[in-house]
Each structure stands twice: as C-alpha cells, then as structure tokens.
Amino acid sequence: MSERRLAKRMRSSVLGGYAGCNEVTIWRIENGLINPRDTLKLGIAAALDCEVEDIWPMPRRAEVIAALDEVPV
C-alpha cells in the first residue's frame with residue numbers, strides 16, 4: 001500500500017483524509033500492525049485509484065486448503 005501511496009506522491013495524512021481515517025491509522029496499516037475493516041479498505045483503494053484486491057490480495061483456494069491441512073487436529 002505504501003508503494004502505491006508514494007508513487008502517487010501522496011502523504012499519509014492526505015490518504016487518511018480521503019479514506020476517512022487519520023495519519024496514524026494509515027501508518028499502522030502500512031506497517032502491518034492492524035488489518036483495516038472492509039469499509040476502510042474500500043476507502044483506501046478508492047483514494048489510491050485501484051481495486052481492494054490490488055492492495056490486499058485474496059488467497060487462492062488451493063493455498064487455503066494447504067494451510068488447513070497443516071493445522072494439527
């Protein structure tokens with residue numbers, strides 16, 4: 001996400017303003033400290049002019065199944 005924001009030469013405070021949160025929240029998301037709610041993901045993607053999946057890709061079905069196979073029962 002930070003790469004897209006920096007490529008657009010957008011400050012985190014500006015992105016937060018467009019997305020409906022503050023600069024600290026953007027910093028925490030970019031540093032992996034929080035996973036935003038879907039509504040905030042939509043706002044961030046709209047502000048960065050991309051799709052949510054471009055920033056937060058969904059795992060493929062095979063990856064999910066493989067991860068479940070590794071969980072001890």
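Start by selecting Thr 25 and looking at what lies around it in this predicted model. Leaving aside residues up to four places away in sequence, Thr 25 touches Ile 34 and Leu 40. Thr 25 itself sits in helix 3. Is Thr 25 buried or exposed? Its relative accessibility is 17%, and buried means under 20%, so Thr 25 counts as buried.

Next, hop over to helix 4 by selecting residues 38-47. Which residues are buried there? Color Leu 40, Lys 41, Gly 43, Ile 44, Ala 45 and Ala 47: those are the buried ones in helix 4.

Time for the largest nonpolar core, which has 16 residues. To find your way in, select Met 1, Leu 15, Ile 44, Leu 48, Ile 55 and Trp 56, the ones with the most contacts inside this core. Helix 2, helix 3, helix 4 and helix 5 each supply at least two of its residues. Helix 4 gives the most, with 4 residues.

Stay in the core and click on Leu 48.

For a last stop, pick Asp 49, which follows helix 4. Check its backbone: the phi of Asp 49 is positive, near 55°.

Note on methods:
Residues are numbered from 1 along each chain as its sequence is written. This is a predicted model: local features need pLDDT of at least 70, side-chain atom pairs count only at pLDDT 80 or more; totals for chains, interfaces and linings use all residues. Side-chain values use heavy atoms; hydrogens and water are left out. Buried means under 20% relative accessible area, exposed over 50%, partly exposed in between (1.4 Å probe, protein chains only). Contact means heavy atoms within 4.5 Å. A nonpolar core is a set of buried Ala, Val, Leu, Ile, Met, Phe, Trp, Tyr and Cys residues joined through side-chain atoms within 4.5 Å.
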